[in-house]
Amino acid sequence: MPKTHIQITYPAAGRNISLRGSEPLSWIESLTPGKVDGEVHHFFVDAEPGTLIEFKALLDDFWSCGRNHTVLSGETIEIDPYFGKPQGRLEDAVHQLPSPQLGRPIRYRVFLPPSYEELDRKRYPVLYAQDGQALFTPDPIDGRSWQMHDALNELYDLDVIEEIIVVAIVTDEQRLEMLSPTSDPKHGGGDGPKYRDFLIETLKPLIDSRYRTLTTREDTALVGASMGGLFSFFCAWTRPDVFGKAACLSGSFWWNDRQMIHEVQKGSCPLPRPWLYLDCGAARSPFEEDANLRDGFHHTAALRNALVDHCYVPGSSLHMLAFAGMSHNNASWAARLGIPLQFLFPRGG
């Protein structure tokens, strides 16, 4: 009979970790570990070949958060449960931090993962998200939100992404200036390099000192939409030593006569190379003239082609997705946010 190995990592500190589940386990009687190595609890289960075992971990009499796990007999599965809060938490405080680079204070909020307070020795990857004014609460402009907390909590419940800390930077004041890498002849701007330096020199050191973060480039990512998508690409492209990943939704790559696309076309790949996710909506009709419905599909495709010409491999170091019928607005970004989050922080990735 094949031996099934269920490995649970949790700092029990003298308390009891056990299992309950479907046959050959029981939902009434708990199974104790066959071996404990520090924080790692090993359970060995005998089951007939082809048996799908559904199970859940317990800490004393408390069930773990999230959905039940499943394992096929004879396989090994590793899980990292938590037993306190089932969902992440947006801090009440809107923090304000002086920016010597921009010459004014910048506001931000922090969303903590479910296990943050419970697992007080665990460290977490960090996502620096642009347009923090619209990520968790309604945008003052259109009254819509990305509902990022819902997307994250759903993915945590499914156990398909790593838990992360989100730093949501409010970019509603002087937004075009703040998020634009260069000046545009019509719209002006060009403070993107200063904002990038603020993230690297001022905000990130503070976040790393105040919260339990993983600080390497592989664990530090950016996300943004529209001008925030343009900035996130620019920031990762020019400082990949700090930001190893960037997700750019509906990026405004038209800015300044497609200047960032031209930079990629004429330049060389930065080293280390940032991992990139690009997406956009697309009009269902080829004759559509509404720019919001077109959502810059042709600009995003041009950037993808330029990246492929410079060593990027679609499906590996680069992902581009297009969504016909989705337009340039918060509702569209909210509808597909779960996709880049899973690419950025896959479970076990």
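A salt bridge here is a side-chain nitrogen of Lys or Arg within 4 Å of a carboxyl oxygen of Asp or Glu. This is a predicted model, where local features need pLDDT of at least 70 and side-chain atom pairs count only at pLDDT 80 or more, while totals for chains, interfaces and linings use all residues. Residues are numbered from 1 along each chain as its sequence is written, and side-chain values use heavy atoms, with hydrogens and water left out.

**View 1. Asp-241 pairs up with Arg-239.** The N-to-O distance in this salt bridge is 2.8 Å. Asp-241 has a relative accessible area of 41% and is partly exposed; Arg-239, at 25%, is partly exposed as well. For these labels, buried means under 20% relative accessible area, exposed means over 50%, and partly exposed is in between (1.4 Å probe, protein chains only). Elsewhere, salt bridges with shared partners link Asp-80, Asp-159, Glu-162 and Arg-347 into one network. The whole model has 21 salt bridges by this rule.

**View 2. A salt bridge joins Glu-163 and Lys-122.** Their closest N and O atoms sit 3.4 Å apart. Glu-163 is in the loop between helix H1 (148-158) and strand S13 (165-169), and Lys-122 is in the loop between strand S11 (104-112) and strand S12 (126-129), so the pair ties together parts 41 residues apart in sequence. Helices (H or I, at least four residues) and strands (E, at least two) are DSSP runs, numbered from the N terminus. Glu-163 is buried at 8% relative accessibility, whereas Lys-122 is partly exposed at 27%.

**View 3. Glu-218 meets Arg-217 in a salt bridge.** Here the N-to-O distance is 3.8 Å. Arg-217 counts as buried, with a relative accessible area of 16%, while Glu-218 is partly exposed at 45%.

**View 4. Glu-78 sits in strand S8.** The strand covers residues 76-79, and Glu-78 is exposed at 54% relative accessibility. Leaving aside residues up to four places away in sequence, Glu-78 touches Gln-7 and Arg-347; a contact means heavy atoms within 4.5 Å. His-42 is 36 residues away from Glu-78 in sequence, and their C-alpha atoms are 9.4 Å apart.

**View 5. Two prolines follow cis peptide bonds.** Most residues other than glycine have a negative phi, and most peptide bonds are trans. The bond from Glu-23 to Pro-24 is cis, with omega near 10 degrees, and Pro-24 lies in the loop between strand S2 (17-21) and strand S3 (35-37). The bond from Leu-271 to Pro-272 is also cis, with omega near -5 degrees. Pro-272 belongs to the loop between helix H5 (255-266) and strand S16 (275-282).

**View 6. Asn-256 and Asp-257 have positive phi values.** Asn-256 has phi near 55 degrees, and Asp-257 has phi near 55 degrees too. Buried or exposed? Asn-256 is buried, with a relative accessible area of 18%, but Asp-257 is exposed at 62%.
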